[in-house]
Amino acid sequence: MARSMTAEERRHKVKHHYTPGYIVWTIFKYFSLVFISFWMVIPLYSCVVTSFKTDTEYNSTNVMTPPSDWLNFSNFADAFSKANMGVAFRNSGIILVCVLAGSIIIGTQIAYVLNRFKFPGNGLIRNLFTFAALLPGIAMQVATYEIMNNLHFINHLYGYIILSMGTDVISIYIYIQYFENISVALDESAIIDGASYHTIYWRILLPMLRPAIVTCIILKGATTYNEYYNANLYLQDKQKLCTVATSLYTFTGPMGSRYNLICAGVIISMLPALVVFIIFQNSIYNGIAAGAVKG
């Protein structure tokens, strides 16, 4: 049973907490948090303010000046229609679902093999994954473009999905780390009961990887949803194959950019992610927390 503090111990604790050094550190800590939060909110505030301004108002005021009419939603309607965002959301949704499903299956199976099976070259494969992560992606674009062109994957949605489905190294190591905390005794018990490796993976191990999968979905999903370079390079038909990221560049050009419509499009593109986060926030928090304590 825990012993309660005496009056003398409480006075000593209060005296220790309110020393000049403690007070200065507390002020600095909270000031830093407020200062950083302030600078992180400024771009979002500027984007929201700009999205409600007309062309004339945007050109005659600075980006921090509030709009004269907060109920002017014409920019949102123009951004959605002129940027073809309906098609963009459809394409991005298809890409996101297929890429996440494929990358989860590929990544977990790679991690399952590397963790559960010891064979010559196991360590080499792990080191090659680390080496691949050190290579800049832009340096391999010429070879990647040649492969995509020879396979006739350019300007096709399925080609871009296959290209994006490649599991990144971070996800593989997250899965491997989580596998290391799942006892091999589960596999052995299942094998004794007559289960195959395929059954062990699908029925036993994959459901137990839910926290790691949630973490990887957040990382991979955010990257895929906001990806612009490869989408712009390999999906060249900007009318039928546009994504959310590429559709916003409709309002840029050599004669100038309509930033009020761009900001409206940015707000529209943020809404689906915000809705998904609000709906699944408990699962996201629990998944990240559960994955963080493993190790």
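Reader: Where does Asn-84 lie?
Author: Asn-84 lies in the loop between α4 (74-82) and α5; helices (H or I, at least four residues) and strands (E, at least two) are DSSP runs, numbered from the N terminus. This is a predicted model, in which local features need pLDDT of at least 70 and side-chain atom pairs count only at pLDDT 80 or more, while totals for chains, interfaces and linings use all residues. Residues are numbered from 1 along each chain as its sequence is written, and side-chain values use heavy atoms, with hydrogens and water left out.

Reader: What is phi of Asn-84?
Author: Phi of Asn-84 is near 55°, a positive value in a residue other than glycine. Most residues other than glycine have a negative phi.

Reader: And which value does phi of His-152 have?
Author: His-152 is not a glycine, yet its phi is positive, at about 60°. His-152 lies in the loop between α7 (141-150) and α8.

Reader: On to the helices: how do the axes of α5 and α8 cross?
Author: The axes of α5 and helix α8 (residues 157-164) come within 9 Å and cross at roughly 40°. Axes are lines fitted to C-alpha atoms, for helices over the stretch in contact, and angles run from 0 to 180 degrees between N-to-C directions. That angle makes α5 oblique to α8; under 35 degrees counts as roughly parallel, over 145 as roughly antiparallel, 65 to 115 as roughly perpendicular and the rest as oblique.

Reader: Is the crossing of α5 and α8 left-handed or right-handed?
Author: The crossing of α5 and α8 is right-handed, that is, the near helix is turned clockwise from the far one by less than a right angle, anticlockwise being left-handed.

Reader: Which residues of α5 and α8 meet?
Author: In α5, Asn-91, Ile-94, Ile-95, Cys-98 and Val-99 meet Leu-157, Tyr-160, Ile-161 and Ser-164 of α8; contact means heavy atoms within 4.5 Å.

Reader: How do α5 and α11 cross?
Author: The axes of helix α5 (residues 85-116) and helix α11 (residues 197-208) come within 12 Å and cross at roughly 110°. Therefore α5 is roughly perpendicular to α11. Residues making the contact include Tyr-112 and Arg-116 of α5 and Tyr-201 and Trp-202 of α11.

Reader: How many salt bridges are there?
Author: The count comes to three salt bridges, each a side-chain nitrogen of Lys or Arg within 4 Å of a carboxyl oxygen of Asp or Glu. Among them, Asp-55 pairs with Arg-258, the closest N and O atoms being 2.9 Å apart. Asp-55 lies in helix α3 (residues 55-60) and Arg-258 in the loop between α14 (244-247) and α15 (259-279), so the pair ties together parts that are 203 residues apart in sequence.
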